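Have the structure open while you go.

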Amino acid sequence: IRRPPRSTPKPSSAASDVYKRQDIEARESLAQTLRQVQETIGFYVVVNHGVPLETIESAYDALREFFSLPLDEKLRLKIDERSVGYIPAKTTVYVTSQVNLNTKPDLNETITLARERAPDDPAIQQGMRFVGPNPWPESMPQFRRAMLAYQEVLSVLGYAMLPLYARALGQPAEFISPYFTEPMWWTRNSYYPAVEPEENQFGISPHSDHGFITLLPLSDVPGLEILLPNGDWLPAKPLDGGILVNTGEFLNRWSNGRFLATPHRVVAPIQDRYSMALFFNPNANTVADPLASCVSEENPVAFEPVTMLEYMSWYIDSNYKRESGGRQD
């Protein structure tokens with residue numbers, strides 16, 4: 001990413017020390033940097049992460065092939081009351097945005113895929129939203145393999161970062177991990193066509209993500225832009241092998257507003273663009289009750305407690321039309 005002004009802390013690339021050697025001193029130093037970044041920008045890029053780049057590329061190849069399928073074949077996988085599946089273009093409007101009055105439907109088409117679970121998993125048996133079972137295209141057995149492999153390798157990075165976030169929040173290193181025993185992480189896999197937008201229309205309109213953190217391999221095709229504190233939109237430029245990480249609104253609430261859920265958008269690209277965002281979310285019953293370490297006389301409690309499942313449901317229902325798994329008319 002093109003660097004923000006010098007007054008903004010720079011992300012560290014010392015992550016490999018933490019992930020590979022369990023270096024406590026490196027962990028504490030990186031947690032301090034992480035806290036600064038999350039409190040001032042809310043976005044950063046991870047390098048030296050150990051995620052196999054060939055797995056990412058294989059998933060991108062499979063995604064491009066999926067979106068090239070005939071529309072009627074994709075519609076067989078259309079999202080339903082379980083909130084996983086294919087979402088046609090122009091069926092989302094992010095009305096919960098705090099930075100733009102979004103009025104036009106977004107141009108992207110998407111397939112959302114939950115963390116794969118066994119058919120007898122209690123959450124699936126109960127019919128819980130956002131947990132699957134995932135729909136898969138019968139004509140593309142390689143699609144399932146590629147997307148699940150991608151989810152798995154990226155989740156390894158997410159789990160490795162939990163101690164850093166715990167320390168950055170002023171908690172013991174092991175504090176967050178117990179909330180990720182049955183996580184609700186899922187991927188939003190999108191295709192942004194190179195088409196002419198209408199006024200106030202985007203590939204995906206200005207919004208903040210809903211969850212704990214988001215992990216996103218940087219695309220070679222421009223389009224993603226991040227809103228800086230001064231009001232400027234910063235284009236995210238390719239960084240070889242870089243994975244973009246940002247705070248979601250659930251973590252923003254849990255941190256009592258200290259960790260910024262920074263707004264971002266995707267403008268209509270000049271060539272077809274693809275993305276695979278992993279929303280790395282905790283267990284369904286995890287409660288975002290502002291942490292005592294984030295509450296003070298200067299920063300009193302600002303949010304009511306809410307569970308991960310409750311917040312996800314509100315967010316999707318507010319921003320997605322009924323034909324896309326939400327409640328928007």
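1. Let's start with Asn 102 and its side chain. A polar contact of 2.6 Å links it to the side chain of Asn 100. The side chains of Asn 102 and Ser 205 make another polar contact, at 3.5 Å.

2. Where does Asn 102 sit? You'll find it in the loop that runs between strand E2 (85–87) and strand E3 (109–114). Its relative accessibility is 6%, so Asn 102 counts as buried, the cut-off being under 20%.

3. Next, helix H6, residues 141–168. From first C-alpha to last, its 28 residues reach 41 Å, close to the expected 40 Å. Still, H6 has a kink of about 30° at Met 161, shortly before the proline Pro 163. Just after H6 comes Gly 170, with a positive phi of about 80°.

4. Now the confidence, as this is a predicted model. The protein chain has an average pLDDT of 90, with 91% of the residues scoring at least 70. Helix H7 (residues 249–254) is where confidence is highest, at 98, while helix H1 (residues 15–21) has the lowest, a mean of 45.

5. One caution on residues 1–20: pLDDT stays under 50 there, although the model has 52 contacts beyond four places in sequence for them. Where pLDDT is low, the predicted coordinates should not be read in detail.

Conventions
Residues numbered from 1 in each chain as written. Heavy atoms only, no water. Helix = DSSP H or I, 4+ residues; strand = E, 2+ residues; numbered from the N terminus. Expected span 1.5 Å × (residues − 1). Bend = angle between axes of the 7 residues up to and from the residue. Buried < 20%, exposed > 50% of the residue type's maximum accessible area, 1.4 Å probe, protein only. Polar contact = N/O pair within 3.5 Å; in protein donor to acceptor, adjacent residues only side chain to side chain. pLDDT = per-residue confidence, 0-100. Contact = heavy atoms within 4.5 Å.
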